Structures are given as structure tokens and as C-alpha cells.
Amino acid sequence: MAASSLLSLMFLISTLLLASSSLSVALSPTTFTIPLSPIFTKNQPSDPIKTLNSLASSSLTRAHHLKRPKSKPPLTKTKVFSHSYGDYSISLNFGTPPQAISFILDTGSSPVWFPCTSQYICIDCNIDPSKIPLFIPKLSSSSKFIDCQNPNCAWISSSNSFSDQLFGCQGCNCSQACPYLFQYGSGSTLGLLLSETLDFPEKLFTNFLVGCSIFSTQQQSAGIVGFGRTPESLPSQLGLSKFSYCLISQRFDDSSESSDLVLYRGSSSDAKTPGLSYTPFRKNPVSNDSAFREFYYVDLRRVIVGSRSVNIPYKYLVPENNANGNGGTIVDSGTTLTIMEKPIFDAVATAFEAEMGNFTRASADVVALIGLNLCFNITGLKFEKIKFPELTFEFKGGAKLELPVVNYFVPVDVGNSSLVCLTLVTDSTLDSVGPAIILGNTQQQNFYVEFDLENDRFGFRKQNCNK
């Protein structure tokens with residue numbers, strides 16, 4: 001789309017005159033519970049090999065972005081099936097009267113945005129644009145666009161220079177509406193910053209900052225709700241003391257099951273949730289890249305495969321507290337498969353090969369076809385009957401994330417062969433920049449996970465997340 005057309009669209013929106021209304025606010029409850037569902041569409045690929053290849057590819061693409069958030073998108077294009085993102089969604093009500101909008105839950109970013117206005121355009125989104133649920137500002141009496149002179153615009157303009165490029169704003173000192181460009185691993189979105197009312201049954205939150213996107217590339221039929229650590233995120237804007245979720249298993253079918261995302265407001269002091277193992281969040285590295293401030297870093301001490309403690313160099317486990325911010329581990333609900341830099345993955349793969357000496361490693365051609373890096377031939381055997389080596393992530397303080405087999409091995413048939421493939425991935429083109437390990441949502445499935453913001457710690461326990 002030509003820049004002039006984008007300008008026309010954005011000016012069209014910015015000229016909307018929208019009145020805000022005074023709202024009565026109920027007393028604040030302690031918690032809000034929101035249904036959390038895997039994202040499924042009717043456009044899923046029927047071939048499981050294509051699904052796995054797409055999951056691996058989209059996870060690696062996102063990893064490139066998380067490690068270098070301000071770099072230009074890669075020149076290569078990845079075919080992304082709308083079903084195969086492997087993400088989880090929630091529904092939130094914005095506006096007066098409220099309009100229900102679907103959002104992808106993302107702990108690896110902070111901005112909140114939705115597809116917005118009848119002018120919304122989505123390129124390479126693999127969905128009929130007429131079927132994308134849109135937020136319509138002119139139907140809400142509480143909608144108000146934020147201008148560049150509003151201090152809240154700095155939340156957006158400090159992380160990208162798009163406003164300067166588009167409107168000639170210098171440090172957001174102009175009178176135009178506040179524009180943004182958010183980039184993600186699988187695409188981008190642009191629009192104008194909006195002040196709106198977020199409506200829960202128990203409470204209204206006025207003056208919530210949300211992006212009104214009018215143009216997107218390679219996005220799903222939903223917005224993104226950022227749960228990261230910077231001021232524009234939902235937890236920061238609502239003043240949450242903690243939040244928790246339990247991700248049901250993604251079997252990549254059209255299941256209508258959901259679990260719960262729970263938001264907590266008010267102090268919980270130092271009280272721990274029964275049955276949870278805790279590890280402290282690590283202080284984010286002081287880096288030239290402000291995006292690293294959004295991430296939830298944890299101190300991974302060891303990776304254990306069966307009886308073997310994997311030898312991982314210290315520099316990968318602890319982020320450098322300098323301009324580069326290299327190393328360390330983050331927890332990310334928006335990445336499907338756990339990503340490891342190649343030296344880490346190779347050490348883990350070597351441990352699995354040693355523990356599974358009775359099985360033959362699949363050829364490079366087969367691995368390339370599937371898109372996963374490590375597969376074993378189990379032809380003639382049933383997946384459920386095989387005793388696989390256990391995979392454990394041990395964190396600071398002794399907390400151990402002991403994964404069920406289905407969280408790190410997936411069965412797949414290729415021709416007449418039956419394989420099992422490790423759902424941890426790497427890529428030789430991954431730079432040694434930013435987090436070295438990204439703990440994805442596949443490895444978090446069927447765990448109750450708690451982000452205790454007040455006490456700066458990460459907690460988890462095994463739990464069947466299906467209601």
C-alpha cells in the first residue's frame with residue numbers, strides 16, 4: 001500500500017470528533033477471571049507435517065524479532081497458516097457501550113491494540129477482511145484519540161520513530177494524532193493511539209491506552225494484548241499485583257475448550273499460592289535496546305535430560321548487563337515452541353541422543369521436511385508405550401519445571417516411517433543477541449503459571465488445564 005494511502009487513512013481517523021463521557025466506577029474487586037482459549041480457525045492445514053513446519057518457522061521468526069526487536073524484518077517470507085500460530089486468545093470489552101474484541105495473549109510485548117474502524121486493511125492475513133471483528137470508535141462515546149503533545153504518546157514514540165517519519169513530529173511536539181508502528185515476528189501493525197474504557201463486569205477502567213490499528217500485515221483476526229513489563233502493558237495500566245494462566249494442550253483441532261486467565265489487583269503481601277514452585281524474576285539487562293525491558297527474565301541454572309545434566313556455558317544462562325544484553329532466559333506466551341541458541345540446543349540434542357541410544361536419528365532431509373531439528377525413528381512402536389528420558393528445567397532457588405513428554409516430543413508419520421520430534425528448536429542464523437532461550441507456550445501447557453509482579457517472582461505447578 002502506498003504511503004499516501006496510509007496517510008489518508010490515518011488522517012481520516014484522526015479527524016473523528018469523539019466525546020468522552022463521565023463513568024461511574026464500582027469498587028475494585030480482588031480478581032478478574034477471563035476465559036483463555038487456543039486460537040483455531042477453519043483454515044488449518046490438514047497435513048500435520050505442514051503444521052509442524054509452520055509452527056517451527058513462525059516460532060523462529062518471532063525469536064529473531066525478540067532478539068533484535070528494532071532490526072528490519074527478514075527479506076524471506078514465511079507462509080503462516082492462521083491455525084498454526086499456536087497462540088492463545090482472550091476476549092475483552094472496550095468502549096461505551098462495550099464492544100467485544102478478541103486478543104492474543106502475549107507476555108513478550110507490552111502494547112495493546114485491536115483492528116479498528118471500517119477502514120481496516122490486513123495484508124497477507126489469510127482471512128477474509130470482512131470477517132475480522134473490528135472496533136468502531138464512532139460507536140463508542142468514550143473514545144478519544146491521543147495527540148502527539150499528550151505525555152502518554154511518549155510511551156509509544158520512545159520505542160519507535162514512526163511518528164517522526166510519518167508526520168514530521170520531533171519528539172512528539174506536534175498537534176497530530178499519536179501514530180505507532182508495532183513490529184512482531186510474523187508481521188506488523190500501524191495505527192493511532194486511543195484512550196478508551198475497558199469494561200469488566202465488576203469494574204470499569206477509564207482512559208485505558210489502546211492502539212486503534214488501521215493497517216496490518218500477517219496478523220490474525222484479533223488484536224494483541226501485551227502483558228510485558230513496560231508502562232503501556234495491560235498489567236501496568238490496571239495496576240495488577242499478579243496474573244496467572246493455565247494453557248490447555250494444543251492438539252491443533254477445532255476444540256472449543258478454554259481455561260482461565262486470572263488478573264489480581266491489590267496487595268497480596270508475600271503470600272505464596274499453595275503448591276507452586278517459585279523462582280525470582282531476574283532484573284532486566286541494561287541494554288541499548290529498550291524492548292528488552294518488556295521481557296520476563298528468569299534464572300535458568302540447569303537443563304537435565306534423563307540422568308544427564310547438560311553442559312551449558314555460563315554466558316548463555318545469565319544476560320550480559322551491558323549494551324548488548326546477550327544471554328539469559330525469558331518466558332513468552334506468544335512463542336509457540338521453545339527456542340534455544342544453537343550451542344545450547346546442540347548440547348541438549350547430544351544428551352537426548354545419548355539417552356535414546358536404541359533409536360536412530362532421522363536423516364537431515366526428513367528433519368528439514370518437518371521443520372524440527374531433532375527426530376528419532378520409532379517405526380513399529382507406539383508413542384504412548386515408549387519410556388522417554390525426562391526433560392527438566394531447573395531455576396534459581398531450586399524450582400524444577402519437569403515437563404510431561406507431550407510438552408517436548410510430538411509423534412509424526414512421514415511416509416511409512418513413524419517418528420518422534422523434539423519441540424525445542426534452533427536455527428544457525430539466530431544471532432547471539434538478546435535472550436539465549438525463549439520458553440514457549442508448548443512447554444507451558446498443563447501448568448498453572450503465575451507472574452507475581454508485586455513480589456517479582458515466577459511460580460508454576462503441574463495441573464490439568466482442561467475444565
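**Disulfide exercises**

C375 and C421 form a disulfide (a pair of cysteine sulfur atoms within 2.5 Å), their sulfur atoms lying 2.1 Å apart. The model is predicted: local features need pLDDT of at least 70, side-chain atom pairs count only at pLDDT 80 or more, and totals for chains, interfaces and linings use all residues. Residues are numbered from 1 along each chain as its sequence is written, and side-chain values use heavy atoms, without hydrogens and water.

**Exercise 1.** Work out which parts of the chain the C116 to C212 disulfide ties together.

Solution. 
- The S to S distance is 2.0 Å.
- C116 lies in the loop between β4 (112-115) and β5 (121-123), and C212 in strand β9 (residues 203-217), so the pair ties together parts 96 residues apart in sequence.
- The S-S torsion is about -85 degrees, so this disulfide is left-handed.
- C116 is buried at 0% relative accessibility. C212 is buried too, also at 0%.

**Exercise 2.** State how the C246 to C465 disulfide is placed.

Solution. 
- The sulfurs are 1.9 Å apart.
- C246 is in strand β11 (residues 240-246); C465 is in the segment after β28 (457-462), 219 residues away.
- The torsion is about -75 degrees, so the disulfide is left-handed.

Conventions
Helix = DSSP H or I, 4+ residues; strand = E, 2+ residues; numbered from the N terminus. Buried < 20%, exposed > 50% of the residue type's maximum accessible area, 1.4 Å probe, protein only.
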